[in-house]
Amino acid sequence: SIESVNVIVATYNDEKLGDVQVDPTAGTVAFGSGLHQWAFTLKRFAKTYGAKFNVPEEKMMSKLWGDWYFDASRKVWTTSDKGGTLERAFCQFIATPITTLFEALMAEKNAKVTKMLKA
């Protein structure tokens, strides 16, 4: 986990290197698949969704990580999952769409893939 990496980094901290802890909201963490040859940072998705929601990129990066949820029915961001009815923003806007796209690609559902890539 990211916290585990930061514990190790803190253990071997060297002032000459400066702050080398990792933080997704700072753009210092990349998520990806070496097997399937893709990767991204939150910044990439924050740019896209920030434009869609008219939210500054930096603010969107913080919304896409941690305990943030988007309540589509009320069109508001919240830190409450409403008793488990809302999906974390990272999952809702990043992990689930990637998984859905990957599954469509593997099942050769070309129309679905095309539609997702245009969205």
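Which helix gives the largest share of the lining of the largest pocket? The answer is H4, with six residues. This report starts from the whole model and then returns to that pocket.

## The model as a whole

This is a predicted model. The protein has five helices and four strands. Along the sequence they follow the pattern α-β-β-α-α-β-β-α-α. The C-alpha atoms fill a box of roughly 50 × 35 × 30 Å, taken along the principal axes.

The protein has 119 residues, and 24% of them count as buried.

## The largest pocket

The largest pocket has a volume of about 630 Å³. Its lining has 15 residues. Phe45, Tyr49, Pro97, Leu101 and Met116 lie nearest the centre of the pocket.

Several elements build this lining. Strand S2 (38-40), helix H2 (42-53), helix H4 (89-106) and helix H5 (110-118) each supply at least two residues. What kinds of residue make up the lining? There are 13 nonpolar residues, one polar and one charged.

## The nonpolar core

The largest nonpolar core has 17 residues. Leu42, Leu64, Phe93 and Ile94 have the most contacts inside this core. H2, helix H3 (57-63) and H4 each supply at least two of the core residues. H2 and H4 also supply residues to the lining of the largest pocket.

Leaving out residues up to four places away in sequence, Leu42 touches Pro24, Thr25, Phe31, Met61, Leu64, Trp65, Phe90 and Ile94. Two of these partners, Leu64 and Ile94, are also named among the core residues with the most contacts.

## Ala89

Ala89 sits in helix H4. Is Ala89 buried or exposed? Ala89 counts as buried because its relative accessibility is 0%, and buried means under 20%.

Which residues surround Ala89? Again leaving out residues up to four places away in sequence, Ala89 touches Lys63, Leu64, Trp68, Tyr69, Trp77 and Ile94. Gly32 is another matter. Ala89 and Gly32 are 57 residues apart in sequence, and their C-alpha atoms are 18 Å apart in space.

## Salt bridges

Side chains of opposite charge can pair when their charged atoms come close. How many salt bridges does a search of the whole structure find? The search finds three.

One joins Lys43 and Glu57, with the closest N and O atoms 2.6 Å apart. This pair links distant parts of the chain: Lys43 is in helix H2 and Glu57 is in helix H3, 14 residues apart. Lys43 is partly exposed, with a relative accessible area of 43%. Glu57 counts as partly exposed too, at 21% relative accessibility.

Another joins Arg88 and Asp67, at 2.2 Å from N to O. This pair also links distant parts of the chain, 21 residues apart. Arg88 lies in the loop between strand S4 (76-78) and H4. Asp67 lies in the loop between H3 and strand S3 (69-71). Arg88 is partly exposed at 37% relative accessibility, and Asp67 is partly exposed at 45%.

The remaining salt bridge joins Asp71 and Arg74. Their closest N and O atoms are 2.9 Å apart. Here the two partners fall in separate classes. Asp71 is buried, with a relative accessible area of 7%, whereas Arg74 is partly exposed, with 47%.

## Two loop residues with positive phi

Gln37 is not a glycine, yet its phi is positive, at about 60°. Where does Gln37 lie? Gln37 is in the loop between strand S1 (31-33) and S2. Gln37 is exposed because its relative accessible area is 72%, and exposed means over 50%.

Asn54 also has a positive phi, near 60°, and is a residue other than glycine. The place of Asn54 is the loop between H2 and H3. At 70% relative accessibility, Asn54 counts as exposed.

Terms used:
Residues are numbered from 1 along each chain as its sequence is written. This is a predicted model: local features need pLDDT of at least 70, side-chain atom pairs count only at pLDDT 80 or more; totals for chains, interfaces and linings use all residues. Side-chain values use heavy atoms; hydrogens and water are left out. On a 1 Å grid over the protein atoms alone, a cavity is a set of points where a 1.4 Å probe fits but cannot get out, and a pocket is an open set with protein on both sides within 12 Å along at least five of seven lines; lining residues have an atom within 4 Å of a point. Grid points are joined across faces, edges and corners, and a volume is the space filled by probe spheres set on the points. Ala, Val, Leu, Ile, Met, Phe, Trp, Tyr, Cys and Pro count as nonpolar, Asp, Glu, Lys and Arg as charged, and the others, Gly among them, as polar. Buried means under 20% relative accessible area, exposed over 50%, partly exposed in between (1.4 Å probe, protein chains only). Contact means heavy atoms within 4.5 Å. A nonpolar core is a set of buried Ala, Val, Leu, Ile, Met, Phe, Trp, Tyr and Cys residues joined through side-chain atoms within 4.5 Å. A salt bridge is a side-chain nitrogen of Lys or Arg within 4 Å of a carboxyl oxygen of Asp or Glu.
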